[in-house]
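Please open the model in your viewer and keep the selection panel at hand.

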Amino acid sequence: MIFTKIPFFTTVSFFLFIGCGKNKEINKRDGLTVYQEAQISWVRNFNPLSPAGSARWPTSGGIYEPLFIYNSMSGEFVPWLALDYEWENGNKVLNMSIRKGVKWSDGKLFSAEDVAFTFNIKRKHRALDTRDSWGYLNEVVAKSDTSVRFEFKRVFVPGFDAIATQSIIPKHIWNKIEDPVKFANPNPVGTGPFTEIIRFDNQLWELGKNSDYWQKGKPHINKLIFPTFPSNEQVTLALLSGSLDWAGAFIPAVERVFVSKNTENHKYWFPLTGHTTFLHTNTKDPILNDVRIRKAISYAIDRELVVKVGMYDYTEPAHVSGVSGPMSKWHSPHINQKEDWTIYNLEKANQLLNDAGFYQKKSGQRSNESGQALEFDIIIVSGWSDWIRSAQVVSQNLKKVGIKANVKTYDFGAWISRMQKGEFQLAIGWAEKGATPFPLYKGMMSSEYLQPIGVTADVNWHRFSLAAADSLFRKYERTSDQTEIKEIIYELQNLFVEHAPSIPLFAEPAWAECNTKYFTNFPSAENPYATLSPNYSPEQLFVLVNVQNR
Amino acid sequence: MAAWAALTLNFFIPRLMPGDPAAIIFARFRGKLKPEAIQALRETFGLTNEPLLGQYWSYLKSMLIGDLGISIAYFPEPVTNIISSALLWTIFLAGVSLIISFSIGTLLGTFIAWNRGGKLDSILPPVLAFIGAFPYFWLAMVALYIFGFELSWFPLGHAYGENVTPGFNISFILSALHHAALPALTMILVSLGGWMLSMRNIMITTLGTDYISFAHAKGLPSLQIMLRYAARNAILPNFTGFGMALGFVLSGALLTEIIFSYPGQGYLLLQAVRAQDFPLMQGLFMTITFAVLAANWLVDIAILIFDPRTRK
C-alpha cells in the first residue's frame, strides 16, 4: 500500500508543480495574436500599393501609414503623417502640411518628398493607381520638407478621402525598384508602429515593433503574431482556447458560444459602421421598374424579424436613408416625416400593390390584368448563411402580401457576375462605402456607372440613374464648404427616399472579438476610440498603438 | 497524348466559369474600393481581350518550359512557389496516411480472410464500415473537439507548433508529427474499412481456388500459403486502387486541411477556384494530372513485378 501511494503523490505534486510554473509563464504574453485574413499558408508580401490587395495585414495601416485616418466611430479624419490641410484656388489646389520628426524604420528621415513620390509612382505605373487619383490630379510636388501641394485637373473635393488615406512609401527604397507592381517587398521599411519581420513561415509569422516609432512610448506591445486560420470555425475554437487575442470574425450566437465561457475576458463588440446591407432591386426589370412595387416590397418586410432570425440580433433595421449608426449625423432633419417605407406596414404594401395594378387572386398570389404574376428570385452567395436566412425571412414576409420570392444561391463568382451584369431581380448585397454618404448615393443614382443589362457594371448593379442626382453629384464634387456639403447630402437623401432605387435592409455591423486576459485597452462600447474590427484598414492603427499588456 | 488532353482541358474549363478575376477581387472589398480601381486591376493581371486561341498557344508554350505564371489571388507570387510550399505538406500528410491505411487495411483484410468466420472477421468489417459511413467532416470535427479542444491531447490545428523553426531539427520533426497525428488518424480511420473489405473479398475468392487447395495438399506452411500464394494474387486489384488513390493524394484532402488548418493543396485549389485564379488552377491541375499519370505508370510496373502473367 505505502509503496504505491508514495509514487502516486510524487507524480501528482510533480504535475501540480509543472502546472503552477506553466500558469505563471502564461500570465504574461509577449505577442498579440491576431486573426484578420482567412489563409492556410502565408505568402510573403508587404507591398502596400499592390493593387490585388494581396499584401499581408496590417501592411497598409501598421507597417505603412497614411496621411490621415478616418475614424468610423467619430466620423472624422484624424491627422496622422500629415498635420493639416487646406483647399485654395477655388478648390483646385490642396495643400498639406506634413509631420516633422517621423523616421523610417531604417533610420532615414521621413519628409514631404516621400509623400510626393508615393503619388508620382502611381502616375508612372497606372496599375498601382487603384483609386484613380490621376483621373483628377494634375501634379503633386513637395514644396518643402513639411509641405505638399496637390494640384487638380478639375475641381474634385471628394478626392481628398483617397489622398488622405494613401499609405506612404519611402522614396529612397522604392525609386530603385524596377517593377513596383510585381514587387512583393519582402523586407518592408515603413513609418508604422510595427515594422520588423521577426519570422516568416508558411504557418505563422511575427511582426515586431518599431522601437523608434514617432509616437514616443508607443506601441506598448512587443510584437504581433499571425497564425493561419482557414475559416471562422477554427478562429472560434482558437478564441475559446485562449490562443487568439484579437479577431475580426463573424461568430453565430456570440454571447452563448464565446462570452458565456469566460464573461470576464471574452469580449466582443459589433458596432454599426453606418453603412447598410441592401435588398437590391433590378430597376430594369419590367415589374421592379415601378417604384410602387419597390416600396411595397419594402413595406412588407418585417425587418425586426430579419434582424432577429437572420442576423442573431447583432444589428438593427435599416434607416430609410440607407445610412445609420455613426452616419446618422447626415440624416436630413425632415427625412422621417417624408417617407417611412422601411417601417413594416402590410396595409400600405397592399395598397401600393393594388395601385400598381396587381390584385390578389384566390390562391393568394398577386398578378395584373395581363396575367403577369408577382414572382421574383432573390439571389444570394451560397454558404453566406446569415444572408440566406435573412432572404428566407424576406421571402416569407412577401408571401403575406401575395408576392412569391424564391431564394436561390450561387457560388460567389457566379453571383458577382450576375450582379455586375444585371442578371438578377432581387439580391442581398452591399453598397458603396465612404467617409460621407456621398459614395453610397453616387453608386445608387449616378448615370456615370450605369451600364446596360449584360455589360459588367462594377457598381450600380440595380441600374438606376436620375438626372437631378447627377447635377447634385457635380455640385458636391466642387465644394469644400461644410454647410453646402450637408445641404447636398440632404437633397440626395430626399431623392433616394422618393425613388427607392434599392431597398435598405439592415445596418451593417463590424465583426470583432478580443480576449482581455493578457492585453487591455481594446476599444469597446464604453471606450469607443475606434472600431474594434481589424477589417477596416487603416483604422486598426488606433488599436495597434493603444493596446497594452495587462 | 493524355498529358496534352489534360493540359487543354485545364486551360478551357476554368475559363468557362462566369465572372473574371479582377471583378472578383474588386468585389471582395465590398464597396470599400472605388469603381475606378477595376481598370488598374485588369492591367495588373494582364487580363487581355486577346482571343482565347492566342492565349491558349502562349499558355502551351509557357507550360512546356515549366513556367506556370504568376498567381492572381496571391499576386505577385509565382505559382510554382505557392504549389511547392503546399505540395510537401500534402505528400506528407495525405501520402503517409494513405500508405498506412493501405498497408494496415490490406494486412487486416488478408488476415481476417484467412481466419474467415473468426472473431475479428465478425467484428472488424461492420465496425469499420460503420465508421467509414460517417460524413468525414463530422468525424474530423468531433475528433478535433474531443481530442484537441476538450482533452488537449493534440494541437487545434496547423502543421507545426509556434515555438519551433522549420528545418531539419528534432523539435520541428516531433512537432510536425504531433500535429499530423490527429488529421492522419481521422483519414486512416475512414479509409481503412474500404481497403480491408476489398482485400478480404478478393482474398476469400482466391482462397477457394484449386491451386490453394493444391498448396495445402502439398503441405506447405500456412503462412507461406497465406502471403505468397493467396495474398500475392489477391492484392493486384487493390494495387490498382492504391495507384489511383496515390495520384489523387496531390489534389489534397480539402476537408482535412480546412478542419485542421493544414497548409496543403486542397485548400489552395479551393482558393484558386474562388478567386478565379487561372494560373494557380492550371498549375494545380497540372501537378495532379501528372501525379495521376505517374502513379498509373508505377502501378503498371508494380503489377508487372507481382503478376508474372503480364510479363509476356
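Begin by selecting both sides of the boundary between the chains, where 48 residues of chain A are in contact with 45 residues of chain B, two residues being in contact if their C-beta atoms, placed from the backbone, lie within 7 Å. This is a predicted model, in which local features need pLDDT of at least 70 and side-chain atom pairs count only at pLDDT 80 or more, while totals for chains, interfaces and linings use all residues. Residues are numbered from 1 along each chain as its sequence is written, and chains are lettered from A and ligands numbered from 1 in the order in which they are written.

On the side of chain A that touches chain B, highlight α5 (232–241) and α12 (412–421) of chain A, each of which supplies at least two residues; α12(A) gives the largest share, six residues. Helices (H or I, at least four residues) and strands (E, at least two) are DSSP runs numbered from the N terminus. Coloured by type, this side of chain A divides into 22 nonpolar, 17 polar and nine charged residues, where Ala, Val, Leu, Ile, Met, Phe, Trp, Tyr, Cys and Pro count as nonpolar, Asp, Glu, Lys and Arg as charged, and the others, Gly among them, as polar.

Next, select chain A by domain, with bounds that come from an automatic or database domain assignment: domain 1 (1–44 + 196–271 + 510–550), domain 2 (60–183) and domain 3 (274–509). The C-alpha centres of domains 1 and 2 of chain A lie 33 Å apart, and 15 residues of domain 1 are in contact with 15 residues of domain 2. The domain 1 side of that contact holds nine nonpolar, four polar and two charged residues.

Which of its 215 residues touch the most other members? They are Leu67(A), Ala296(A), Ile378(A), Val394(A) and Leu284(B), while helix α5 (residues 79–114) of chain B contributes the largest share of this core, 13 residues. Centre the view on Leu284(B), which touches Ile83(B), Gln265(B), Leu268(B), Leu269(B) and Ala272(B), not counting residues up to four places away in sequence.

Technical notes:
A nonpolar core is a set of buried Ala, Val, Leu, Ile, Met, Phe, Trp, Tyr and Cys residues joined through C-beta atoms within 7 Å. A residue is buried if 20 or more other C-beta atoms lie within 10 Å of its own, exposed if 12 or fewer, and partly exposed in between; C-beta atoms are placed from the backbone.
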